[in-house]
Amino acid sequence: MSEFNHLTYDHEQGGSQTISSRLNLGVSRTAKNVGSKTDVGYVREHNEDSLLVRPPLFAVCDGMGGHKAGEVASDIAVRVLAARAPRETDAKGLKLAVEEANVSIIHAVHEGEGREGMGTTCTAAILEDERLTIAQVGDSRAYLLHAGALQQITRDHSLVADLVDSGEITPQEAYNHPWRSYITRALGLDPRVEPDMYELNIHSGDRLMLCSDGLYSMVRDDKIADILSRTPDPQKAADRLVKAALDAGGADNITVIVVDATVISERKMKKVTRKAKLTAGIIITALVAILLAAAIGFNVLVSNSAYLGEVDGRVAIYQGIPGDIAGMSFSRLDEVSDVNLDDIQPGTARRIRSEDIRCDSIQDARNLVNGYRQDTGNQHPAADADNTDSEADNTAARSDAPDVDTEEGGDV
């Protein structure tokens, strides 16, 4: 419990309890990266702390004002936060929710709920992905464990914190100072109160801890860091921190929330998955387009290419490309010529047998074969037939020509 304006409040006897059973605002069973615990302690008579665990929203509120006052104020605060705080790292929205909680507590007193002078601290945090936003009023704290080192994020609104800042006392002296429970700012007492706001980036593996002064007033920071570092499970870490405060005397209500930063939330994971699927779709589409273009290009190449080969000792023309690709042939026999390989130059014949003479088209291949035919003295059957027909026509023409007599010159 904290005190405000040097006032001290009495408490009635009460037992240890978990706020989740009292407020139904506790940890979701699916939030495996969160642990929380609250305990009345050994000295106080009633637990005036309240906590809120609704990822990504977390809060610890330490009420003041005595029975039917402190717990009422802290209860109102967490309820307003649960209803009004944003569900993402929105500093302005979180600040407005805390200010609305402050006004709600003041209105509750005017309406006869609780007691005059009741109030509460409030340390609220939104942890989403790599961003952490904190709103703080009072002396409940937020710590961050990063790479094994514990850092206090928030600054206490308390008299001893002011004395430490001014150099009048040391941080070690603040632990036992008689004014250590006096706070300078709280919800429920001043309608103009504003929370201090903190925003920072975190990393996967970092651990956030929110707590009331019932923990850090009994357990030093080095011990807190040791427990947080050595206890991987966040719920067991919260349990051990509360036990450490009880073992040290349990002079106040103790409330702890431990949150492991996994950075990639479910929503961000879905976003990453969608982006990966989109990227994969683009890549697959590009690959299909490339393969289709390659297939079309290859088909054009096969259709427009030709080469020479051997069939029964004669030069043959093939359309396509020689050889096999993955066991598949991409050529067909177009024509077997009358040119014998034995009649052409040996070097050329050897290249034809090894299918090493390629042409850009069937027509180029035919022109090449005609050249071999002329070199060997062979005539294409169609050409021989044309020659025979020409000779017959010439004979017939000579037989039909009239006789011409000449003088002394003979026949002309």
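Strand β14 (residues 306-311) pairs with β17 in the antiparallel sense over two bridges, in a structure that is a predicted model. Two strands count as paired if DSSP finds at least two bridges between them, and the elements themselves are DSSP runs numbered from the N terminus, helices being H or I of at least four residues and strands E of at least two. Across this pairing, tyrosine 307 stands opposite arginine 358 of β17.

As for numbering and cut-offs, residues are counted from 1 along each chain as its sequence is written, and local features need pLDDT of at least 70, side-chain atom pairs count only at pLDDT 80 or more, and totals for chains, interfaces and linings use all residues. Side-chain values use heavy atoms, with hydrogens and water left out.

A second open sheet has five strands in the order β2-β13-β12-β8-β9, again with antiparallel pairing. Its edge strands are β2 (34-39) and β9, each pairing on one side only, and the twist averages 15° from one strand to the next. Six bridges join β2 to the antiparallel strand β13 (residues 254-260), where isoleucine 254 is the bridge partner of aspartate 39.

Helix α7 lies across β8, β9, β12 (207-211) and β13, at about 55° to β8, and α8 lies across β2, β12 and β13, at about 25° to β2. The axes of α7 (residues 221-230) and α8 (residues 234-247) come within 9 Å and cross at roughly 155°. The two helices are therefore roughly antiparallel to each other; angles under 35 degrees count as roughly parallel, over 145 as roughly antiparallel, 65 to 115 as roughly perpendicular and the rest as oblique. Ile224, Ile227, Leu228 and Arg230 of α7 meet Ala237, Arg240, Leu241 and Ala244 of α8.

Another helix pair is formed by α2 (residues 70-84) and α3 (residues 91-110), which pack at an angle of about 140° with their axes 9 Å apart. That angle makes α2 oblique to α3. Residues making the contact include Ala73, Ile76 and Val80 of α2 and Ala97, Val98 and Ile105 of α3.

Two backbone details also deserve a look. Most residues other than glycine have a negative phi, and most peptide bonds are trans. The peptide bond from proline 55 to proline 56 is cis, with omega near 10°, and proline 56 is placed in the loop between β3 (49-54) and β4 (57-64). Alanine 147, in the loop between β8 (141-146) and β9 (149-152), has a positive phi near 55°.

Finally, the mean pLDDT, the predictor's confidence in each residue from 0 to 100, is 82 for the chain, and 81% of the residues reach 70 or more. Over residues 26-30 the pLDDT is below 50, and this stretch has five contacts in the model beyond near neighbours in sequence.

How values were computed
Contact means heavy atoms within 4.5 Å. Axes are lines fitted to C-alpha atoms, for helices over the stretch in contact, and angles run from 0 to 180 degrees between N-to-C directions.
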